[in-house]
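Student: I should like to go through the terms used for this structure and the values behind them. Please set each value against its definition.

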Amino acid sequence: MTDGLTMTSEGRPDLKEAGDRKHLPSFGPAILQTGLVVAACALFVIAKSIATGGRVHIDDVEYWIVGVVPVALLYGLSLLIARATPEARRDAVARRLIAAWIVTLILFCISKDLHIYEGLRDAVETVAQLGRSAAEAVVALLFAALAAMITMTKLVAEAGDRLRLAIGTLAAIILMTGMASLLLSWH
Amino acid sequence: MRKLTRATSFQLFAVALAWVAPSGHASAEADICTPVAQLMNGFIAQELFYWDPDTKTWAAVPDGGLSLSGGEAQLIYVTREFFQDEPRSGAIVVKTGRKIDTSEKDPEPARKKIKLDRAKQAEFDSCRGREPSSFDGRVSALEYDRYHDYGYDASDNEDGRSLGEFHTRYVSRSGRCDAATDSTTFDAPLRWDWRSNRSQFSFDPSVVSGGFHSQIMAGLSIRGAAAVGSVGLADQRVDIIKYRTNAQKMACIALRVKPTGRNFFIRVNDLEGAPKGGRLIRADELSRQLTR
């Protein structure tokens with residue numbers, strides 16, 4: 001069955017690139033993948049609500065806008081990583097970094113809702129003899145590192161230039177920790 | 001509603017009143033137990049008794065509530081230990097308030113104040129953290145509800161600091177000074193028991209019996225839609241009283257309550273109390289209505 005137009009992978013670079021993914025078409029740049037961006041923004045608003053003791057709600061549009069900032073920064077970082085490691089596909093890195101941010105927020109929200117977070121934070125405060133803000137930054141670092149391990153390990157392991165991609169991932173972890181501490185003010 | 005009458009001596013009541021603290025609440029003393037011990041049902045873990053000035057006797061406050069003729073009610077809360085033979089320590093939360101009539105305006109929770117009181121109990125002073133030995137103050141109902149209904153962190157403001165000073169550490173049934181009245185540790189999450197010490201302070205009975213509301217669901221709700229326990233309530237007051245059971249494995253705490261109108265209630269939560277049974281499970285809230 002054909003409508004007269006022959007569509008082959010030769011004529012569609014995106015299809016060729018995605019050939020190993022059962023010939024599914026690419027969904028475009030990660031920043032334009034609405035589902036990821038909306039999920040990241042919605043989770044940011046919920047995390048902000050939790051961090052502020054319920055003062056922020058899902059209908060607070062300004063926090064949706066602020067929630068785009070981490071996604072944009074991670075996308076920018078993925079461009080830098082793709083430039084430093086040419087073999088790494090930009091969109092693949094961006095998707096995984098945004099997914100790592102989403103996982104970080106999920107870990108925060110669930111640990112708060114299950115009241116595991118307080119125990120973790122208190123343990124860090126006691127063991128490392130830190131203040132509340134510093135302990136929360138350490139917990140944010142733990143969440144970001146765990147999230148990055150979940151989403152980036154396979155990509156780094158399969159990459160030819162592992163060192164550069166690992167350094168890029170480390171930079172993403174630091175960026176996510178900073179964003180979590182600054183934007184959420186987890187205290 | 002009905003009034004119960006049982007014969008006990010007025011002299012013993014006078015002894016009990018002698019222990020009433022200036023704040024209106026008393027420490028647990030063996031003498032206070034004497035007039036009410038014989039009235040305790042052998043199977044129940046907690047009971048609330050009142051002094052009937054007409055019959056001059058102590059009687060259990062009925063489940064359906066109590067109609068008071070005088071302005072102030074003299075009460076004794078009794079908690080009984082079923083699991084340990086040796087005396088143990090604990091703490092109770094006493095919440096009083098009044099349900100607002102439909103004709104009365106209910107202020108926004110942010111404008112309402114809840115009185116918090118924790119009297120100095122020198123005998124328990126060795127077990128407390130950074131908080132002062134006593135606390136007497138007020139916090140906004142909204143801040144109180146966020147802290148106790150949802151388990152949010154206390155805010156970095158005057159109300160948040162007041163909550164931190166109000167709550168205290170106490171000696172748990174383990175015998176160690178390892179319990180905090182605002183602990184968020186779930187009782188038994190694997191058995192689906194999401195209650196915690198902090199949730200017992202809530203004015204929302206569903207939070208007391210089932211644990212905190214979800215913070216995630218609250219974030220997903222639109223502004224103003226999240227439930228708080230103080231809606232529809234007035235004249236709210238919360239007290240923390242530490243106790244130690246006696247040789248008869250009971251602790252009796254004298255309370256003075258002044259109902260401020262119709263639909264006045266008293267709710268008592270024993271943070272270490274457990275009903276008789278094979279498994280150590282937190283006792284339910286004891287809730288009674290006191291109508292003037």
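**Terms and values in chains A and B**

Tutor: Chain A has 7 helices and 0 strands, where helices (H or I, at least four residues) and strands (E, at least two) are DSSP runs numbered from the N terminus. This is a predicted model, in which local features need pLDDT of at least 70 and side-chain atom pairs count only at pLDDT 80 or more, while totals for chains, interfaces and linings use all residues. Residues are numbered from 1 along each chain as its sequence is written, chains are lettered from A and ligands numbered from 1 in the order in which they are written, and side-chain values use heavy atoms, with hydrogens and water left out.

Student: How do you know that the span of α3(A) agrees with its number of residues?

Tutor: The expected span is 1.5 Å times one less than the number of residues. For the 24 residues of α3(A) this should give 34 Å, and the end C-alpha atoms are 36 Å apart, so the two agree. Likewise, the 18 residues of α2(A) should span 26 Å, and the end C-alpha atoms are 25 Å apart, which agrees. Helix α4(A), with 24 residues, reaches 35 Å from first C-alpha to last, close to the 34 Å expected.

Student: Why is α2(A) called largely enclosed?

Tutor: A residue is buried under 20% relative accessible area, exposed over 50% and partly exposed in between (1.4 Å probe, protein chains only). In α2(A), 14 of the 18 residues are buried, so this helix is largely enclosed by the rest of the structure. Helix α4(A) is mostly covered, with 17 of its 24 residues buried. Over chain A, buried residues make up 43% of the 187 residues.

Student: Against what do the buried residues of α3(A) pack?

Tutor: They pack against α2 (34-51), α4 and α7 (162-184) of chain A, contact meaning heavy atoms within 4.5 Å. The buried residues of α3(A) include A:G67, A:P70, A:L74 and A:I81.

Student: What makes the arrangement of α3(A) and α4(A), at what angle and how far apart are their axes?

Tutor: Helix α3 (residues 61-84) and helix α4 (residues 90-113) of chain A pack at about 145°, with axes 8 Å apart. Axes are lines fitted to C-alpha atoms, for helices over the stretch in contact, and angles run from 0 to 180 degrees between N-to-C directions. Among the residues that meet are A:V71 and A:Y75 in α3(A), and A:L97 and A:W101 in α4(A). The residues of this contact divide into 13 nonpolar, 1 polar and 2 charged; Ala, Val, Leu, Ile, Met, Phe, Trp, Tyr, Cys and Pro count as nonpolar, Asp, Glu, Lys and Arg as charged, and the others, Gly among them, as polar.

Student: Why is B:R267 called buried?

Tutor: B:R267, found in strand β12 (residues 264-270) of chain B, has a relative accessible area of 7%, and is therefore buried. The backbone oxygen of B:F203 lies 2.9 Å from a polar atom of the B:R267 side chain.

Student: How do you know that B:R195 counts as buried, and what does its side chain contact?

Tutor: B:R195 is in the loop between β9 (179-180) and α5 (205-210) of chain B. Its relative accessibility is 6%, so B:R195 counts as buried. The side chain of B:R195 makes a polar contact with the side chain of B:D284 at 3.4 Å. A polar contact is a pair of N or O atoms within 3.5 Å; within protein, one must be able to donate a hydrogen and the other to accept it, and residues adjacent in sequence count only if both atoms are side-chain atoms.
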